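Here is a short briefing on one protein chain. Look at the sequence and the 3D view, then work through the points below.

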Amino acid sequence: MAVHHLFAAALLSVASTIAAAAPVTYLTVDHSSPALMDAAGAAAVWKTEVPQATALRLSKLYPPSRYGFVSQVEGGFNDAKICVVTARAMLVPRSGKTLGFAPKQSAMAFDAQPNATAQQCKDLASAKLKEAIGSVLSGLVKK
């Protein structure tokens with residue numbers, strides 16, 4: 001009988017260690033203008049702006065099974081050749097593999113840069129998305 005208790009305790013210990021080591025992964029969806037941000041670029045920004053330690057703290061209040069993130073970067077060049085960018089990041093409820101549009105937290109960042117090249121405009125878009133993500137996270141958890 002004592003062997004069963006020891007086995008159960010060992011199994012519970014191993015299971016809790018495995019669960020603690022599992023990375024927290026939120027569903028992220030990007031709806032950006034392809035001229036400014038592609039899906040891989042947005043995923044890279046999310047990965048750098050939401051480190052595992054922040055995701056772990058965030059998951060206690062907003063579990064990844066119930067919430068996800070949406071990003072959107074829009075803009076481009078106007079008639080005066082000024083790069084205009086707006087970036088939005090949102091924490092939204094999740095239903096299975098889809099996200100609903102009822103933001104729990106949302107932030108937007110805007111900027112314009114005259115005489116910019118296409119690459120400089122993309123870099124500005126990444127910077128504004130980082131700013132919007134940081135604003136959303138600051139309202140949810142301390143970094």
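Helices and strands here are DSSP runs, numbered from the N terminus. Read that way, the chain follows the pattern α-β-α-α-β-β-β-β-α. That gives four helices and five strands. Keep in mind that this is a predicted model.

**The chain as a whole**

- The chain has 143 residues, and 31% of them count as buried.
- Take the contacts with a separation of 6 or more: 69% of them come from residues 24 or more positions apart.

- Which residues of α2 are buried? In this helix, residues 39-49, they are Ala42, Val45, Trp46 and Glu49.
- These four sit on the same side of α2, because they cover an arc of only 100° around the axis.
- The other side of α2 holds the exposed residues Ala40, Lys47 and Thr48.
- What do the buried residues of α2 pack against? Their partners are β1 (27-30), β2, β3 and α4.

**The nonpolar core**

- The largest nonpolar core counts 31 residues.
- Inside this core, the residues with the most contacts are Tyr26, Leu58, Phe69, Val73, Val85, Leu129 and Ile133.
- Two or more residues of this core come from each of α2, α3, β2, β3, β5 and α4.
- Which element gives the most to this core? α4 does, with eight residues.

**Thr54 in helix α3**

- Thr54 is part of helix α3, residues 52-61.
- Is Thr54 buried or exposed? Thr54 counts as buried, because its relative accessibility is 4% and the cut-off for buried is under 20%.
- Apart from residues up to four places away in sequence, Thr54 touches Leu137 and Val141.

**The largest pocket**

- How much volume does the largest pocket have? The value is about 260 Å³.
- Its lining consists of Val24, Thr25, Tyr26, Thr28, Trp46, Lys47, Val50, Pro51, Gln52, Ala55 and Phe69.
- Helices α2 and α3 each supply at least two residues of this lining.
- Sorted by class, the lining has seven nonpolar, three polar and one charged residues.

- Most residues other than glycine have a negative phi.
- Lys81 is not a glycine, yet its phi is positive, at about 65°.
- Where is Lys81? Lys81 lies in the loop between β2 (67-77) and β3 (82-95).
- Lys81 is exposed, with a relative accessible area of 57%.
- Asn115 is not a glycine either, and its phi is positive, at about 55°.
- Asn115 sits in the loop between β5 (105-114) and α4 (118-138).
- Asn115 counts as exposed, because its relative accessibility is 71% and the cut-off for exposed is over 50%.

Key
Residues numbered from 1 in each chain as written. Predicted model: local features only at pLDDT ≥ 70, side-chain atom pairs only at ≥ 80, totals over all residues. Heavy atoms only, no water. Buried < 20%, exposed > 50% of the residue type's maximum accessible area, 1.4 Å probe, protein only. Contact = heavy atoms within 4.5 Å. Arc of directions from axis to C-beta. 1 Å grid on protein atoms, 1.4 Å probe; cavity = no way out; pocket = protein on both sides within 12 Å on 5 of 7 lines; lining within 4 Å. Points joined across faces, edges and corners; volume = space filled by probe spheres on them. Nonpolar A, V, L, I, M, F, W, Y, C, P; charged D, E, K, R; others polar. Core = buried A, V, L, I, M, F, W, Y, C linked by side-chain atoms within 4.5 Å.
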